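Here are my notes on this model, as numbered points. Please read them with the structure open.

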Amino acid sequence: MSGVGVAKVAQILDLCNFIPQMELKGHRIMIRDVNRPALQLSGYFEHFEQSRVQIIGTVEYTYLQQLDEKKKEAIYREFMAYDIPCVIFCRDLKPDEMFLKIAEESNLPVFGTKRSTSEFMAELIYCLSEQLAPCITIHGVLVDVYGEGLLIMGESGIGKSEAALELVRRGHRLVTDDVEIRKINEHTLIGTSPDITRYFIELRGIGIIDVKTLFGVEGVKEKQQIDLVIKLEDWKKDNEYDRLGLEEEYTEFLGNKVVCHSLPIRAGRNLAVICEAAAVNHRQKKMGYNAAQELYRRVQENLTKKSDDEEDE
């Protein structure tokens, strides 16, 4: 079954469950959009987005409170007759007994939060965007290096985990060994860890180590945007490797392109230092400075100057 469980969203956002005895296992949210049912609570149900999470704020709440009991019950029953994932009350508002009674009869989960309505809606939409995003799992190590999400890939045993461990020792943060990649939008890929392997790394010859236990909470991170990919590969003398970096190479995940560098492995190369340099260089490029283009500009200026000097002679 697709979608995300209501119980999981409630746990992530720390929601108060007003009907704790209700079984939440079968309740799922299928889309990330939310709805404030102002018109529906006044009796207008055409074009009602019933598949969305329904948010009750101050306006909806105060309107309901001024209704007489008979009309209120009719609105509640008509509203909850739809297949709604759940209802969430914001600003620490409490649903009345009639609302909770009919909700329990309709098997409709009801939650609450102290956060303001606008703030909570933004947080909920972002949470649902993550949980409902297209997802793939790849073999690689994701590390936060100076704020850049560096994904290290390569064949099994080539040294990905060792490079990541050295980066953690140098003050950077491990996100995951084996990466779940979620496409949040056309420009954003978020990497997280499967729950069962979170913060664990496999080192051949040693076994499984817990990075969080060994290096503390400052050495790990729960999730990170993927900004750069480093592909480790065995050094081959006959292969041509990019030595200038004038043109970017890309790899693709879920239809999104990410800058990718192929890094040949050879005895004596310090992978952690190279990965740090790649992350900082990528950050510089995003800020508008490209060292390769600067070198090219200087070479062109030098050639032009020499040509001018020869003409003067």
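1. Strand E5 and strand E6 (residues 87-89) pair in the parallel sense over three bridges. Across this pairing, glutamine 54 stands opposite valine 87 in E6. Note that the model is a predicted one.

2. Strand E4 (residues 34-35) also pairs with E5 in the parallel sense, here over two bridges. The bridge partner of valine 34 is valine 53 in E5.

3. Is each face of strand E5 covered or open? In a regular strand the side chains alternate between the two faces of the sheet. In E5 (residues 53-56) both faces are covered: Val53 and Ile55 are buried on one side, Gln54 and Ile56 on the other.

4. The largest nonpolar core has 28 residues, and those touching the most other members are Val143, Leu150, Ile152, Leu167, Leu174, Ile201 and Leu232. Among the elements that give two or more residues to this core are strands E8 (135-145), E9 (148-154) and E15 (228-234), along with helices H7 (160-169) and H9 (271-286). Apart from this core lies another, of 24 residues, including Ile56, Val87, Met98 and Ile102. In soluble globular proteins, nonpolar side chains tend to be buried together.

5. What does leucine 232 touch, leaving aside residues up to four places away in sequence? Its contacts include Ile152, Met153, Ile158, Leu263, Ile265 and Leu271, and also Glu155 and Lys160.

6. Some nonpolar side chains form a surface patch: Leu244, Leu246, Leu295, Tyr296, Val299 and Leu303 make one of about 570 Å². Of these residues, leucine 303 lies in helix H10 (residues 291-312).

Methods
Residues numbered from 1 in each chain as written. Predicted model: local features only at pLDDT ≥ 70, side-chain atom pairs only at ≥ 80, totals over all residues. Heavy atoms only, no water. Core = buried A, V, L, I, M, F, W, Y, C linked by side-chain atoms within 4.5 Å. Buried < 20%, exposed > 50% of the residue type's maximum accessible area, 1.4 Å probe, protein only. Helix = DSSP H or I, 4+ residues; strand = E, 2+ residues; numbered from the N terminus. Contact = heavy atoms within 4.5 Å. Patch = residues over 30% accessible without salt bridge, like charges linked within 9 Å, V, L, I, M, F, W, Y side chains within 5 Å. Areas by Shrake-Rupley, 256 points an atom, 1.4 Å probe, with all protein chains shown as cover. Salt bridge = Lys/Arg side-chain N within 4 Å of Asp/Glu carboxyl O. Pairing = 2+ DSSP bridges.
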